[in-house]
Amino acid sequence: MIIIFAVEAKHILRSVLELDEKYIATVVISRDLEGATMIKGLQHISMIVSSEKSVAFYEMLGFREKFRKERGYDTVVALEGFDIKLLLFVDPKHPARATDPENIGFRNLVLHVDNLEITIEEIKKVAEESNLHVEFGPILKDWHDSRLVFLKDPDGLPIGLHE
């Protein structure tokens, strides 16, 4: 067994590498002295979108534009809301999202809500006022018997509302 210790500020990172007869390495990383993990949370979510319709869609959900940067090949729009940061890369030249079958990778964005019916009605009202077409799927139950519903953004990305 090989044990490696590294000390950086108040953190102790302990890596234990064990090689079995097939030379497979197992790495275990411990928590720091205060019990917090090295990862503190989600910093942002990046998505490639095809048009400004997607920016309007996420604003309709309650996200607010914080900055915008025009680049020669796309436009980056930073949105914030509900302690979530979204970076939308507006570029119509990317291929459409595969849906049947889905590509490997990011599957959906699910937002927590207090009441599905009230939230659905609010979104329908704002969508109509914003001239955006929004369709909701059926209300489902997850593995823990909590309710959720999906809708899609203008590029087909599934957005869940979870109660």
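In strand 10, Leu148 is the bridge partner of Leu140. Strand 9, residues 140–141, and strand 10 are joined by two bridges and run antiparallel. Helices (H or I, at least four residues) and strands (E, at least two) are DSSP runs, numbered from the N terminus; two strands pair if DSSP finds at least two bridges between them. The model described here is predicted: local features need pLDDT of at least 70, side-chain atom pairs count only at pLDDT 80 or more, and totals for chains, interfaces and linings use all residues. Residues are numbered from 1 along each chain as its sequence is written, and side-chain values use heavy atoms, with hydrogens and water left out.

The hairpin of strand 9 and strand 10 has five residues between the strands, and Asp145 takes a positive phi near 70° there. Asp145 has this positive phi although it is not a glycine. With a relative accessible area of 54%, Asp145 is exposed; buried means under 20% relative accessible area, exposed over 50%, and partly exposed in between (1.4 Å probe, protein chains only).

Strand 10 also pairs with strand 11, in the antiparallel sense and over five bridges. Within this pairing, Leu151 has Ile159 of strand 11 as its bridge partner. Five residues lie between the strands in the hairpin of strand 10 and strand 11, where Gly156 takes a positive phi near 90°.

Four strands form an open sheet in the order 4-7-6-5, with mixed pairing. At its edges are strand 4 (45–49) and strand 5 (64–70), each of which pairs on one side only. From one strand to the next, the twist averages 20°. Axes are lines fitted to C-alpha atoms, for helices over the stretch in contact, and angles run from 0 to 180 degrees between N-to-C directions. Strands of a sheet pair through backbone hydrogen bonds, either parallel or antiparallel.

Strand 4 and strand 7 (residues 84–90) run parallel and are joined by five bridges. One of the residues involved is Ile45, whose bridge partner in strand 7 is Leu86.

Helix 1, residues 52–60, lies across strand 4, strand 5, strand 6 (75–81) and strand 7, and runs at about 165° to strand 7. Contact means heavy atoms within 4.5 Å.

Ser54 belongs to helix 1 and is buried, with a relative accessible area of 0%. Apart from neighbours within four places in sequence, Ser54 is in contact with Val49, Leu88, Asp153, Pro154 and Asp155.

Glu80 is placed in strand 6. Its relative accessible area of 32% makes Glu80 partly exposed. When residues up to four places away in sequence are not counted, Glu80 touches Gly62, Phe63, Arg64, Lys66 and Lys85. Glu80 and His44 are 36 residues apart in sequence, and their C-alpha atoms are 9.2 Å apart in space.

Phe82 lies in the loop between strand 6 and strand 7. Phe82 has a positive phi of about 60°, although it is not a glycine. Phe82 counts as exposed, at 52% relative accessibility.

The largest pocket has a volume of about 510 Å³. On a 1 Å grid over the protein atoms alone, a cavity is a set of points where a 1.4 Å probe fits but cannot get out, and a pocket is an open set with protein on both sides within 12 Å along at least five of seven lines; lining residues have an atom within 4 Å of a point. Grid points are joined across faces, edges and corners, and a volume is the space filled by probe spheres set on the points. The largest pocket is lined by 19 residues, and Ile48, Pro95, Ala96, Arg97 and Leu157 lie nearest its centre. Its lining divides into nine nonpolar, five polar and five charged residues. Ala, Val, Leu, Ile, Met, Phe, Trp, Tyr, Cys and Pro count as nonpolar, Asp, Glu, Lys and Arg as charged, and the others, Gly among them, as polar.

The second largest pocket holds about 360 Å³ of space. It is lined by 14 residues, of which Arg107, Asn108, Leu148, Phe150 and Pro158 are the closest to its centre. Strand 10 (147–152) and strand 11 (158–162) each supply at least two residues of this lining, and the largest share, four residues, comes from strand 10. By type, the lining of the second largest pocket has six nonpolar, three polar and five charged residues.
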